[in-house]
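Subject: Handover of a protein model

Dear colleague,

Please find below the structure that I am handing over to you.

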Amino acid sequence: MFFRAYERKKFLIVDDFDSFVISLKQMLRSMGASDVHSARNGDEAVEACLSRHHDVVFCDYNMGDRKNGQQVLEELRHRKLLRHTDIFCMISAEASSDMVFGALEYSPDAYITKPITRALLANRMDKLIELKDSVLDINKAIDLEDYSKAISLCAKHLRIGSKFKVWLYKTQAHLFYMVGDYQHAKKIYADILKSRDIDWARLGMARVMLAEGSAAEAEAEFEFLLQKNPQLVEAYDLKAEAHRQQKQYKLAQQSLLAATTISPMALTRQRKLAELSVDIGDLDQAMSAYKQAVKLSDKSCLESSDTYLQYAQVIADVTSRKVTETPDDPNLQRDTELMLKEASQALDRTRRRFASDPGVVMRAHMAEARNCQAAGKEHRAADALDKAQAVVEKATANPEGTLDPMVLLDMAQSLFDIGKKEEGDALLKRLAEDNANNPTILRKINELIEEPVSMKEKLIARERNKSGIQAYEQNRFAEAIAYFEEAIAITPLQVGLNLNFIQALVKMAADKPLDQRLVEAGRQSLRSLERIEASDKQYKRFTHLQERFNKVTASGASA
């Protein structure tokens, strides 16, 4: 029945075992396939897909020290080499939960475990080819990003009585969600849930609630789903976002932690967990998540210099904290040496992978200097600083070369971090002269001049902020306000810190009037935040809190 369908398609087998490739080719040819190619590893697979289109890709998960199957699928999707009309089958002899969940999160069309028989292969492929051919017009529209047409085609297929109703409803609802038509998406999910409580429909409904701003309702739905199916990783991700929208950052962290425990192989989730942990001052968890993100970045198309640099920054912060808080710990020297080694390895990799970008190389040398300084290796810190300055001098000496002013601002901040205030001031002076007509850069320079705090001071402020967040989440608003004020005294221009302070004031004002001192302190924080630009990710939160604060203070709530 499907012989002609196999005959028309181009197949690619990606596996490092010749015997398996030969066996799979024979099976496919016996089913009608004539155009079957192979690649021995992930890099060859990507090259093969760059040179010609393949309708069906079979990819082994584990290919030694080369890209794994998950990374191949990730890259083909990222580079748009795999269309919605195509089929991607993940193949593996492994069955560890980490690997399985990691692979399934990228939604291959099929996951097949070795050994494979012809009967099994034919059964799975016949169904996939029938589905893909049946909804070919819809997937072509999705590939062209013509979502309105794809929605109409879904409706057409449903009217004529397609056997793939579940796929059509699920796809149509998701397309409505993507174009922002939440009402129609909700109607489809609600109609499905009336007849049967299906996880994908309930998850979709909760996702829409979240998009509409009903974070508390969405959170309850995610919690209900997770009680039924504790392995539903996507529900943890969305639940974390629901907590984030409600400013419950510690709970958001816990949800992401639960997701990474089940499926630790997702690079983007590990980075989100690391960034959130830094925001709430949990440096130990941030270091752990960044370490995993660095590991997953290897051979990934999503590799970013920021992941390595931020990992090194967190290590420097943790090292500095240990040196300050536990100077008599007998294991201190061993621990700092180990962390310095971890940072150095990540930064060496950064300089190798991004050698053509002088800004990244300079930032990596400065991160090295911070880590060496934190570990008490002053000679190594000085050497790293010299290397960073040499990169700057080389880049700026070349008439055609340049460095992003934001990179030089980062260098100035690093100089302050390691106690090189004079060098930092000199660099800022030079930056101000070179960017006299750039108000954004001049404003950031002024912020650094006004707040040239060292790493040690930043750590103290971060710990106060963390304590304030914990107190806030336990409804101890007066205590939270006190912690935030202590932190603001050290870093008065830190955006997130000032927003936390305003939020705590607004919450406390709901129970009792604010005294005049707190009202004025809140107004001062709002004035310091007026510099936030509309494009800033914190701008929406700022305007919301500004409106609420002004309302509670203008309505006579203050004494």
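**Salt bridges**

Lys 387 and Asp 383 form a salt bridge, with their closest N and O atoms 3.5 Å apart; the term stands for a side-chain nitrogen of Lys or Arg within 4 Å of a carboxyl oxygen of Asp or Glu. Because they are 4 residues apart in helix α20 (residues 378–397), Lys 387 and Asp 383 are separated by about one helical turn. Helices (H or I, at least four residues) and strands (E, at least two) are DSSP runs, numbered from the N terminus. Lys 387 is partly exposed at 42% relative accessibility, and Asp 383 is partly exposed at 39%. Here buried means under 20% relative accessible area, exposed means over 50%, and partly exposed lies in between (1.4 Å probe, protein chains only).

Please note that this is a predicted model, in which local features need pLDDT of at least 70 and side-chain atom pairs count only at pLDDT 80 or more, while totals for chains, interfaces and linings use all residues. Residues are numbered from 1 along each chain as its sequence is written, and side-chain values use heavy atoms, with hydrogens and water left out.

By the rule given above, the count comes to 40 salt bridges. One of them joins Glu 303 to Arg 353, with the closest N and O atoms 2.5 Å apart. This pair links distant parts of the chain, 50 residues apart: Glu 303 is in the loop between α16 (283–297) and α17 (305–325), and Arg 353 is in helix α18 (residues 332–353). Glu 303 has a relative accessible area of 21% and so is partly exposed; Arg 353 is partly exposed at 37%.

Arg 464 and Glu 486 also meet through their side chains in a salt bridge (2.8 Å, N to O). Here too the pair links distant parts of the chain, with Arg 464 in helix α24 (residues 455–473) and Glu 486 in helix α25 (residues 477–490), 22 residues apart. Arg 464 is partly exposed, with a relative accessible area of 30%, and Glu 486 is partly exposed at 40%.

**A buried arginine**

Where is Arg 271 placed? Arg 271 is in helix α15 (residues 267–279). This residue is buried yet has no salt bridge, and the nearest side chain of opposite charge, Glu 275, is 5.4 Å away. Leaving aside neighbours within four places in sequence, Arg 271 is in contact (heavy atoms within 4.5 Å) with Ala 293, Leu 302, Ser 304 and Thr 307.

**Nonpolar cores**

A nonpolar core is a set of buried Ala, Val, Leu, Ile, Met, Phe, Trp, Tyr and Cys residues joined through side-chain atoms within 4.5 Å. The largest such core has 56 residues, and Leu 505 and Leu 514 have the most contacts inside it. Helix α26 (residues 495–509) gives the most to this core, with 10 residues. Not counting residues up to four places away in sequence, Leu 505 touches Ile 481, Leu 514, Leu 518, Gly 522 and Phe 549. A second, separate core of 40 residues includes Ala 150, Ile 151, Tyr 189 and Phe 222.

Apart from neighbours within four places in sequence, Asn 500 is in contact with Asn 465, Ile 469, Phe 484 and Arg 541.

Ser 92 lies in strand β4 (residues 87–92) and is buried, with a relative accessible area of 1%. Ser 92 and Asp 60 are 32 residues apart in sequence, while their C-alpha atoms are 5.5 Å apart in space.

**Overall figures**

The protein has 28 helices and 5 strands, and its C-alpha trace spans about 80 × 60 × 50 Å along its principal axes. Of its 559 residues, 50% are buried. Among contacts between residues at least 6 apart in sequence, 61% join residues at least 24 apart.

With kind regards

Definitions and conventions:
Lys, Arg positive; Asp, Glu negative; His and termini not counted.
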